[in-house]
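Please consult the sequence and the structure alongside the text.

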Amino acid sequence: MTDAEESSANRITGGQFDKVVMAGAVHGDINVGRSGDSPADLADPLIASVRLQPGGTMADLVLDTDPPQVAVPGGTVHIITVEARTNRAVVLQSARVVVVSRIPPRPACLQVRIGGLLKPRPFTTDFDAPSPRLVAQGPDFPFTVSATDIEQFEIEPITTTHEVAWRLEVDWTCAGRHGTTVIDNQGEPFQTYPVPALFSGRSHSVLNSGCDLFHERGCPARLLDGAPASLWDRAQPPPYPVLPPLSEAPTSVDLDPDRKESWPEYRRVANAIRMSAAEPDFRGHESPEHRALLIRVLRYLFVSGQARPGVALARLIHAEWTAALGEDHPDTLAVANRLAGCLVGTNDYPEARDLLTDLLPRVSRVLGEDDPLALTVASNLCVAYMGLDEYERARDQTEDVVARSRRALGPDALGTLRTTGNLVQIHLRLGNRAAALAVLEDLLPRCRGALGEDHPQTVSAAATLAQVLAEED
């Protein structure tokens, strides 16, 4: 604009104005933006987002809760991106982790997917410490962020003993104001699970489902209903409820562990027992009723496909009862038999055979050769022989156990029917379908009459008979 050209004036009168543009003549585009310095922005100047990245190993962790939940294993890197709502500099003075809760670790499934080396992280947090703090592995606070200059923090929470719920608090200064921003999981605390609790030396601990590269048949991951089975299938971890105190968990159940309809109740009890067994002061022998419950729980773990945690729990119980009650106490003998059964379930046939071979004469001496437990141990020893492909030896001894069971317990007793079912399988493995069919035609009506149409032993006998008849056709 020249002096000869007519000028124009812009005036604003009255009122209060935030952003104002005054122009005489405008040629071309004009862009009007906010400065970001509103009172609301300055009162809460930080924007934080969080994403997760595997630590040393990508693994899927599923808690054995009701219902099962995908969880965050310790060592998972929390990548936190912090930026400012305002163009002014926001000084991040310090950051601290705040523990919301610590609880004993729950039973869980850990399936390893991809192995890798653990890279150093800028910050680690040891939640096993009484007062956890962020430990910088590189530059430490303070930092400065703005709308155009962001910071990214990688926090690796470590815990080995407890599940920890936690938040991150960041103290900041901006335009003479001071405040604290809470960073969490969409209003819920972050959760970190102590992966080392799932291992005892090189073996799986009592809390471990036994999964590794593949899921075990009874693990909690197989019970997920419509949810992603992996943490890495979702953008953010879901919020998790805090476990109620162990005292609120069921402490007894008087149901048949062989029936599937009883499994939900046994699962809750088994998880409470596995948690208490993981504690150093575990005492599982202190009442006959509790010992009977633990023996039923071990049976449940076996029949429901959770033989690996069954082995871990049975080893603990057997060692404790041996020390407290003596190796020849009837309950110690009974739990040794359950341990052998779970070993069979994990295909550890040589150890099962050796344990049962040692157990059988002691049970027979303490309780008598025709006691139900002695007959069960003898039958289980035959199953171990089957696992070792010693079918002729298994057949001869199983026929003897069936005859003794019929005399001592009766032909329709559950123990007799189970052992008779084993004899059917041995005949089939030896290729003697005629012998198997002859046993089945007597076994199935007895199972139906004594146990009912829906009992697992009846269902198994009916399915085997149908298969044999179909193969003959």
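In this predicted model, strands E7 and E10 pair in the parallel sense, and four bridges connect them. Within this pairing, Phe-123 stands opposite Ile-155 in E10. Strand E7 also pairs with E8, here in the antiparallel sense and over three bridges. Leu-134 in E8 is the bridge partner of Thr-125. Strand E7 spans residues 123-126 and has two faces: Phe-123 and Thr-125 form the covered face, whereas Thr-124 and Asp-126 form the uncovered one.

**Aromatic pairs**

Phe-123 also belongs to a cluster in which ring pairs link it with Phe-141, Phe-143 and Phe-153. In total, the structure holds nine aromatic pairs. Why does the pair of Phe-141 and Phe-153 count as stacked? The planes of the two rings lie at 20° to each other, with the ring centres 5.3 Å apart, and planes under 30 degrees apart count as stacked. The pair links distant parts of the chain, twelve residues apart: Phe-141 lies in the loop between strand E8 (134-136) and strand E9 (143-145), and Phe-153 in strand E10 (residues 151-158). Phe-141 counts as buried because its relative accessibility is 17%, and Phe-153 is likewise buried, at 7%.

Trp-263 and Tyr-300 form another aromatic pair, which is edge-to-face, with 6.3 Å from centre to centre and 70° between the planes. Trp-263 lies in helix H2 (residues 263-277) and Tyr-300 in helix H3 (residues 288-303), so this pair ties together parts that are 37 residues apart in sequence. Trp-263 has a relative accessibility of 18% and therefore counts as buried. Tyr-300 is buried as well, with a relative accessibility of 3%.

The two pairs are set out below.

| Pair | Distance between centres | Angle between planes | Arrangement |
|---|---|---|---|
| Phe-141 and Phe-153 | 5.3 Å | 20° | stacked |
| Trp-263 and Tyr-300 | 6.3 Å | 70° | edge-to-face |

**Cysteines**

How many disulfides does a search of the whole structure find? The search finds zero. Cys-109 is in no disulfide, and the nearest cysteine sulfur, that of Cys-211, is 3.6 Å away. Cys-109 is buried, with a relative accessible area of 0%. For Cys-219, the closest cysteine sulfur is also in Cys-211, at a distance of 3.6 Å, which is too far for a bond. Is Cys-219 buried or exposed? Cys-219 counts as buried because its relative accessibility is 2%.

**The chain as a whole**

The secondary structure of the protein chain comprises eleven helices and 15 strands. Of the 473 residues in the chain, 44% are buried. Among the contacts with a separation of 6 or more, 72% are between residues 24 or more positions apart. The accessible surface of the chain comes to about 23,600 Å², and carbon and sulfur atoms account for 50% of this area.

Definitions and conventions: Residues numbered from 1 in each chain as written. Predicted model: local features only at pLDDT ≥ 70, side-chain atom pairs only at ≥ 80, totals over all residues. Heavy atoms only, no water. Buried < 20%, exposed > 50% of the residue type's maximum accessible area, 1.4 Å probe, protein only. Contact = heavy atoms within 4.5 Å. Areas by Shrake-Rupley, 256 points an atom, 1.4 Å probe, with all protein chains shown as cover. Phe/Tyr/Trp six-rings, centres within 6.5 Å; stacked < 30°, edge-to-face > 60°. Pairing = 2+ DSSP bridges. Disulfide = S-S within 2.5 Å.
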